[in-house]
Amino acid sequence: MLWLYLHFPHLLLDHIRRTREEAGALVIVEGSGQKVIQACPEARDQGVHAGMRLKTALSLVPELGTVRADQQQEARILEDQARWLYRYAAHIVLVPPDGLMAEIGSLKRLYGGLPAAWQTVEQALDERQLTAWPGLGHTPLAARLIARAGKGECTDDKGHIQRTLGQMPLLAAEFDARTCTRLQRLGLNTLGEVFALPAAELARRLSPETLARVQKIQGTRPDPQAPWQPPHQFRQQADFVQEIELSQGLLFPLQRILTELEEDLCWRQQETDSLLLVLRHRHEEPTRVRIRTSGPEHRADAFLNLVRLRFEQQPLRAPVVSLQLSVKRFLGREADTGQDLLGETQDLNEAWHTLMSRLQARLGDQALKQLSPQADHRPERAWSASGVHRNNRPAGTTANQLPRRPLWLLQGPQPLTEAPIAWFAGPERISGGWWDGHRVHRDYYIAQLSSGQLAWVFRDIREGWFVHGWFG
Amino acid sequence: MSELLNTLMQDARVWQGHQHRSTSQPAEPTGYQILDNQLGGIGWPRGALSECLLDNSGIGELHLLLPLMQRLSHNGKTVFWLNPPHMPYAPALAREGVNLDQVVMIHTDEAGDFLWTLENCLRSPVTGLVMAWPGKLASRDIRRLQLAAEAGSNVCVLFRERRYADQNSPAALRLELEPGDNQELKINIVKRRGSWPGQRCALAMAQRADLAFHEAPRVIQGPWPASTR
């Protein structure tokens, strides 16, 4: 087995930097806000380094951006990285707070050799603008030590890896402090010297745990790792150093997130029809924006257009501190059925969904309706309106059994204010509704009014006359 | 330059009083032979605005568009109803053979939304027919809609009040609708591309309420002889 370990020296910084449009020095400060924990390369160039007091750092670089460390956030960001790495390798282990491990030995044939696999991962890291130190080893611990020491090389030669490990100073080998001191007092300085000790003596004189660790590094003791499984949902968050006041400013980070969503969906061969955007504000409750498409969709620019429309309609309530996009509903991707062999017919299905989604995003979900007849004798209940949905089944051959009805139905019956000049048909008695409390007992006639309109009028049980529809 | 002029002539966009030119504009037959004849044998222009000017609903204005609705909805094109004054009655549409899966009702609150929606519907390839009840429209807005209609190739019918008949409008076809004495629909062509306006005809619409007597449709006035139906 060959393990690839990715050590992210400043993951949180990378995460924040790539959601920012402008470059600038950035540091992570510890919870109490006193001390710098991580500094980005730009800040380091100007003299800021980890462990420095924040005040000193600020006096060196006045325009320094500061972000407070947050363990939960770090764990989440690490999981985001695992999600894309999962596309390249099946067996992944999370090593919080800043490491990822992947079994890469079985992938050599898939990628055509170790260098190709290595390059694929490096390219993926590059695309995501992440700094990572990779390391290879035959055991998980060996890979981790090499990666964290920054000595990773693209080789699976056992002897070479052993030599690299052997030359590693004891401090880099991550023994606990007591063991480390005891080993040093024995006169041992490198890991190689520890490897050379007889196993039984090591356990007796130091501790069985130390022996176990050494053996795990060497690979003579099993070190099972539980593989990580990606949760079946998509969630990405962008955190901003400066609050964003205009919705325009949210589109830039959203574009990156949506592109990742598109990739994720393509890779799963799935689509989605609803996105949830949560905008967090400093002092107010978070704003939740739900973006729906009328049909399954996976393209980033389609989503972005809908979001843009939505933002135009609904300005921000307060400046935004962070933005989160999550997708929980996934649909299997359907094959395009509308295409003919030569691709001459336009894909109308897609155009239909695009149009409906656009209209719904601007006008609201309630603005669009489709009508259908219902089996009820009462005119106001003989139809129903529902949300739009694409239906490709051919129209049924019904129709003629239905009674003659006007094409316009008034929202509610209007009192008849004048005597009609001509009567044509009627009465047609409609009586029903005793079963649900909406009793209707009417005689319907067709009559012409003096304005020339052909009306559907009725007389109800209380002898009142009403217009209920127009024969348009 | 002369090429441009030729195009304008052929499309009948320049009105030439001395001759009737049949336009090469794409169009959809109305389904009423008499009206088609009056409109130069073509019907509803596609990729242009049409206006129906009427005072009250219930005079047969929907039946005027019903053949088109039936045809388009069965060809998989969507029919949009934008801000209708009343509720289109689903059982009646189903009885007339309109495929209700292709009928979409849209309601907008603001004038800005109305124009935006209409433009979007007109530009989409899925649209077959848009029927819109705009209320008040500035002529600038109609011009904007005319441009949007030219971008697509579907029929767009605006229903407006008859008092707008005197105002000019960039619409390609303008029909004034009036009720007749025997439930027929009297149509006065206020404007059409490529020929003289002013033709009148009447379409029998009594069948819309299954009325007992069926009178033969008559042509009151027009340059062509009445065709047999």
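1. Two strands pair if DSSP finds at least two bridges between them. By that rule, β13(A) and strand β6 (residues 103-106) of chain B pair, in the antiparallel sense, over two bridges. This is a pairing between chain A and chain B. A:K369 stands opposite B:M105 in β6(B). Note that the model is predicted.

2. The sheet that holds this pair has ten strands and is open. The order is β14(A)-β13(A)-β6(B)-β4(B)-β7(B)-β8(B)-β3(B)-β9(B)-β10(B)-β11(B), and the pairing is mixed. The edges are β14 (383-386) of chain A and β11 (200-203) of chain B; each has a single partner strand, so one side of each is left without a neighbour in the sheet. Neighbouring strands are turned by 25° against each other on average, direction ignored.

3. On the chain A end of the sheet, β13(A) pairs with β14(A). The sense is antiparallel, and there are four bridges. A:L371 has A:A385 as its bridge partner in β14(A).

4. What lies across β13(A)? Helix α15(A) does, and it also covers β4 (78-82) and β6 of chain B. The helix runs at about 115° to β13(A).

5. Which element of chain A gives the largest share of the side that touches chain B? Again α15(A), with eight residues. The contact as a whole takes 45 residues from chain A and 44 residues from chain B. Elements of chain A that give two or more residues are α15, β13 (368-373), β15 (408-415), β16 (422-432), β17 (440-448), β18 (454-460) and β19 (465-470). By class, the chain A side divides into 28 nonpolar, twelve polar and five charged residues.

6. α15(A) also has a helix partner. Helix α14 (residues 300-313) of chain A packs with α15 (residues 348-363) of chain A at an angle of about 25°, and the axes are 8 Å apart. That makes the two helices, α14(A) and α15(A), roughly parallel. Their crossing is right-handed. From α14(A), the contact uses A:A302, A:L306, A:L309, A:R310 and A:Q313. From α15(A), it uses A:T354, A:S357, A:R358, A:A361 and A:R362. The residues of this contact divide into four nonpolar, three polar and three charged.

7. Chain B has a helix pair to set beside that one. Helix α5 (residues 111-123) and helix α6 (residues 139-151) of chain B pack at about 20°, with their axes 7 Å apart. α5(B) and α6(B) are therefore roughly parallel to each other. The crossing is right-handed. α5(B) brings B:L115, B:L118, B:E119, B:L122 and B:R123 to the contact. α6(B) brings B:D141, B:R144, B:L145, B:A148, B:A149 and B:A151. How do the contact residues divide? Into seven nonpolar, no polar and four charged.

8. Chain A has another sheet to check. Four strands form it, in the order β5-β6-β1-β7; it is open, and the pairing is antiparallel. The edge strands are β5 (92-95) and β7 (133-137), each pairing on one side only. The twist averages 20° from one strand to the next. Strand β1 (residues 3-7) and β7(A) pair over five bridges, in the antiparallel sense. Within that pair, A:H7 has A:W133 of β7(A) as its bridge partner. Helix α4 (residues 71-85) of chain A packs on this sheet and touches β5 and β6 (99-103) of chain A. Its direction makes about 165° with that of β5(A).

9. Chain totals, for reference. Chain A has 15 helices and 19 strands, and 30% of its 472 residues count as buried. Chain B has six helices and eleven strands, and buried residues make up 48% of its 229. Of chain A contacts between residues at least 6 apart in sequence, 55% join residues at least 24 apart. In chain B, residues 24 or more positions apart account for 63% of the contacts with a separation of 6 or more.

How values were computed. Residues numbered from 1 in each chain as written. Chains lettered and ligands numbered in written order. Predicted model: local features only at pLDDT ≥ 70, side-chain atom pairs only at ≥ 80, totals over all residues. Axes fitted to C-alpha atoms, helices over the stretch in contact; angles between N-to-C directions. Parallel < 35°, antiparallel > 145°, perpendicular 65-115°, else oblique. Left-handed = near helix turned anticlockwise from the far one by under 90°. Contact = placed C-beta atoms within 7 Å. Nonpolar A, V, L, I, M, F, W, Y, C, P; charged D, E, K, R; others polar. Buried ≥ 20, exposed ≤ 12 C-beta atoms within 10 Å, placed from the backbone.
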